Amino acid sequence: MNFRTRLQVLLGVSFLIAVTRCGFVQPRNDDHLMQQDRVTISAAPDPKEKPGGKATDRDIVDYLVGPGRRRLDPADFVLNPDRIERVFKSSRLARSEEHEVVQQFVYFTDVQLRDRTRHYGRVVRRQLDRANQHLQNNFYQDHADVFYFGQVLTAIRQGLAINEKIDFVVHGGDAMQLAVPTELEAFNGMVRDFLLEGRQMKPEAAWPGGWLAAPIRNLPEGASCHYFNVIGNHDVLSLGTFGTWSPTRKFKNSIYSFHKLIKYLKLAPGISTQSPLGPADLPGQETISRGYFFQDRKLADGISARVIFLNTIELPRTFNQIDQARISGEQLLWLHDVLKGATEADFVLVLGHNPLEEIDVKWKRKEKRRAASAGVDERTVQDVLGAYPKVIGYFAGHKHWGREPRLYGADGGFYEFVEPPVQEYPKAFALFTIARGRKHPTRYSIEVQHFNLEDLMDLKALPAIRLDGSEFKEIERFSRWVERLNGVAGNDRALRMKLLASYCYQGALQDRRMNRRKDAEVEIVEEWLTWSILQDKFDRTVTVSVEHPEPE
C-alpha cells in the first residue's frame, strides 16, 4: 500500500468518525415496536433471584400501552357518542334549506408518527421539517402521538357509522416523521385496525386494497366508504428532506426515495407484494404505481364527482424544502387529459400534498413537444386546473399552520384549501361538505369544519397528573409523568388512552408556547394567517362558494 492509498484510507476513516460524532444518524434500537408504543423499565428486583442474574420478562413493565400489552387495541379507545354526533352531523350547509348536500369527506394530514427509539444527532436533527436553523432538540408533541392518532381514527370510524353522506376519508400525506420502516408499520397497523377494519387484527393480517386506495370495511349495512392516501415528502425522503444522495442513505432502514417506499411497503405485514400502492387494473388507477391516479365517485341522485390524487413529490429537489415539490411533465399532461375527459362528472376535486405555489414541473424534450401540441406547455398546475370550470377545489397539507382558502382562476375559478396537521397544534382533522344551490345548481358551496381532541372529549374532566421538570428535558418530564399515570389510570384502559392522548395534545401547546416553530412564526407574522400557532384559537368553520357557467 503506497503513501497515497494510505492517506486516502486515513482521510476516509477520519470522515466516518467525524460523521458519527456529529450525529448524522445514530439508531439506538431497531425494535419493531416504537418507543411510543412500548417503553421498558426495570421493575423492583425479585428477592428470590440470585444477585447478578439476568433480567426476566417479569422485570419488564410496559408502561405506555400498559402492563401485559404489546399492541394498541381499538376497543380501548372509547368516545362519547353524543360528541361524535355533534362533530359529524353539525354541518351548516346540511341544515340549510337553500343547499343540497351532494358529498362529504373527512380529511386529515401530516400525522408524522415518530419513532423515538431512533436518535439523530445535532447536525441531522436540525434539518427536521423546515425549521433548519431554529429547531431545538425534539418536539414535545411527538410523545404519545400514536394515542392521539388512535383517538382521531376512532372518531372518524364512528362518524362513518352515523353519517352516510361521507363518501371517503383521505390522509393528505406525511405518514412518517423520520421515514423509517418502524414508523411505516405503525401507521399501517393503526389505519388498518382503527379505520379500515374497526377492530384489532393480527399483525400479519392483510391490508384491504392498496396503500393509496383501500375500502373501509365492516360498516353498518348499506354504508360504503373508501380510504385514500396521498404521498408526502416525509414518505419518500429521509427526515422529509434528504434524497438518494443524502448522508442518511447508507444507514440501515432509511426511506429516501419513492422506490424505497415501494420496497418497504412490499416488506410490510399484509401489504400486497404485487401491487403495494393499489391494483392498476381498475379504471383511473392505471398510473397508481407512479403515485398518482383518479376515481369517479357515484353519489346520490345521479351526481358524480371525479377525484384526482397527485404525487407532488414525484421528482423532489431535496435538502431545500422550499423547492421540494416537483412533478414530471408527464404527470401534468396526464392531469390535463384526465380533466379533459371528465365530461360525465358534475364537479372535480384535486388533492396533493403540497400547496399549488410550491409545485414545479420538470419537462423532458419529448414531453415538451407533446405539451406544445396539447396547449399546456409552460403552464403550472394551477393554470391547468383553472382552465377547466368543473374543478371546484384543490386540497393540500404540508404547511403545518394551514391558511385561509385561496381563490384561483377566472370564470368561477376554484378554491385551494391548505389544512393544518394532526402532528402539531391545532392537531386537527376536517370534515368537508360540498353542496349545490337548490335554485342555482351550478353554484357549489364548500364548507370545511375543523375538530381536534377538545371536540372529542372533555379534557378538563380528566384526572390531573402533575407534570414537572425542566422544559428543555422533555424525555425526563415525560418519564416522570408516565410513572404517575400508572397510579391514576390503574386498570381503566379507556382512561389511560385518553390521558396519553391529552398529554400529546398538551405537548403540542407546549411546543407552541416555547416558540419552537420560529420558521412558522415568521410566515404567520408576514401573512397574518387565520391559522395561528401564536394564539389558542383557530377558525373552526369556513364556507366558500364558486359558480360556474351553465353547460352549453
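**A chat about the model**

Author: Happy to! The side chain of Thr287 reaches the backbone oxygen of Tyr292 at 2.6 Å. Do keep in mind that this is a predicted model.

Reader: Thanks. Where is Thr287 in the chain?

Author: Thr287 sits in the loop between α8 (258–267) and β9 (293–298).

Reader: And is Thr287 buried or exposed?

Author: Thr287 counts as buried, because its relative accessibility is 9% and the cut-off for buried is under 20%.

Reader: Which residues is Thr287 in contact with, leaving aside its neighbours within four places in sequence?

Author: With those neighbours left aside, Thr287 is in contact with Tyr292, Phe293 and Trp334. Tyr292 is also the residue whose backbone oxygen the Thr287 side chain reaches.

Reader: Nice. Let's zoom out: how many helices and strands does the protein chain have?

Author: The protein chain has 15 helices and 19 strands. Of its 552 residues, 58% count as buried. Among contacts between residues at least 6 apart in sequence, 72% join residues at least 24 apart.

Reader: What is the strand order in the open sheet of seven strands?

Author: The order is β7-β8-β6-β4-β17-β18-β19, and the pairing is mixed. At the edges are β7 (213–216) and β19 (541–547), each of which pairs on one side only. On average, neighbouring strands of this sheet are turned by 20 degrees against each other, direction ignored.

Reader: Let's look at the β7 end. In which sense do β7 and β8 run?

Author: β7 and β8 run antiparallel and are joined by four bridges. Ile216 stands opposite Cys225 in β8. On the other pairing, β6 and β8 run parallel, also with four bridges, and Val170 has Phe228 of β8 as its bridge partner.

Reader: How many of the five residues of β8 are buried?

Author: Five of the five are buried, so β8 is largely enclosed by the rest of the structure. Both of its faces are covered. Cys225, Tyr227 and Asn229 are buried on one side, and His226 and Phe228 are buried on the other.

Reader: Got it. Which helix lies across β6, β7 and β8?

Author: That is helix α6 (residues 181–197), which runs at about 165 degrees to β8 (225–229). Another helix, α2 (residues 81–88), lies across β4 (99–108), β6 (166–171), β17 (429–437) and β18. Helix α2 runs at about 45 degrees to β17.

Reader: And at the β19 end, how many bridges pair β18 with β19?

Author: Strand β18 (residues 443–451) pairs with β19 over seven bridges, in the antiparallel sense. Arg443 stands opposite Glu547 in β19.

Reader: What about phi of Lys427?

Author: Phi of Lys427 is near 55 degrees, a positive value in a residue other than glycine. Lys427 also lies in the loop between β16 and β17. With a relative accessible area of 1%, Lys427 is buried.

Reader: Where does Asp110 sit, and what is its phi?

Author: Asp110 is in the loop between β4 and β5 (118–119), and its phi is near 50 degrees, a positive value. Its relative accessible area is 0%, so Asp110 is buried.

Reader: Why flag such values at all?

Author: Most residues other than glycine have a negative phi, and most peptide bonds are trans.

Reader: Last one: at what angle do α5 and α14 cross?

Author: The axes of α5 (residues 145–162) and α14 (residues 493–513) cross at roughly 110 degrees and come within 7 Å. That makes α5 roughly perpendicular to α14. On the α5 side the contact is made by Asp145, Phe147, Tyr148 and Gln151. From α14 come Met497, Lys498, Leu500, Ala501, Cys504 and Tyr505.

Reader: How do the residues of that contact divide by type?

Author: They divide into seven nonpolar, one polar and two charged.

How values were computed: Residues are numbered from 1 along each chain as its sequence is written. This is a predicted model: local features need pLDDT of at least 70, side-chain atom pairs count only at pLDDT 80 or more; totals for chains, interfaces and linings use all residues. Side-chain values use heavy atoms; hydrogens and water are left out. Two strands pair if DSSP finds at least two bridges between them. Helices (H or I, at least four residues) and strands (E, at least two) are DSSP runs, numbered from the N terminus. Axes are lines fitted to C-alpha atoms, for helices over the stretch in contact, and angles run from 0 to 180 degrees between N-to-C directions. Contact means heavy atoms within 4.5 Å. Buried means under 20% relative accessible area, exposed over 50%, partly exposed in between (1.4 Å probe, protein chains only). A polar contact is a pair of N or O atoms within 3.5 Å; within protein, one must be able to donate a hydrogen and the other to accept it, and residues adjacent in sequence count only if both atoms are side-chain atoms. Angles under 35 degrees count as roughly parallel, over 145 as roughly antiparallel, 65 to 115 as roughly perpendicular and the rest as oblique. Ala, Val, Leu, Ile, Met, Phe, Trp, Tyr, Cys and Pro count as nonpolar, Asp, Glu, Lys and Arg as charged, and the others, Gly among them, as polar.
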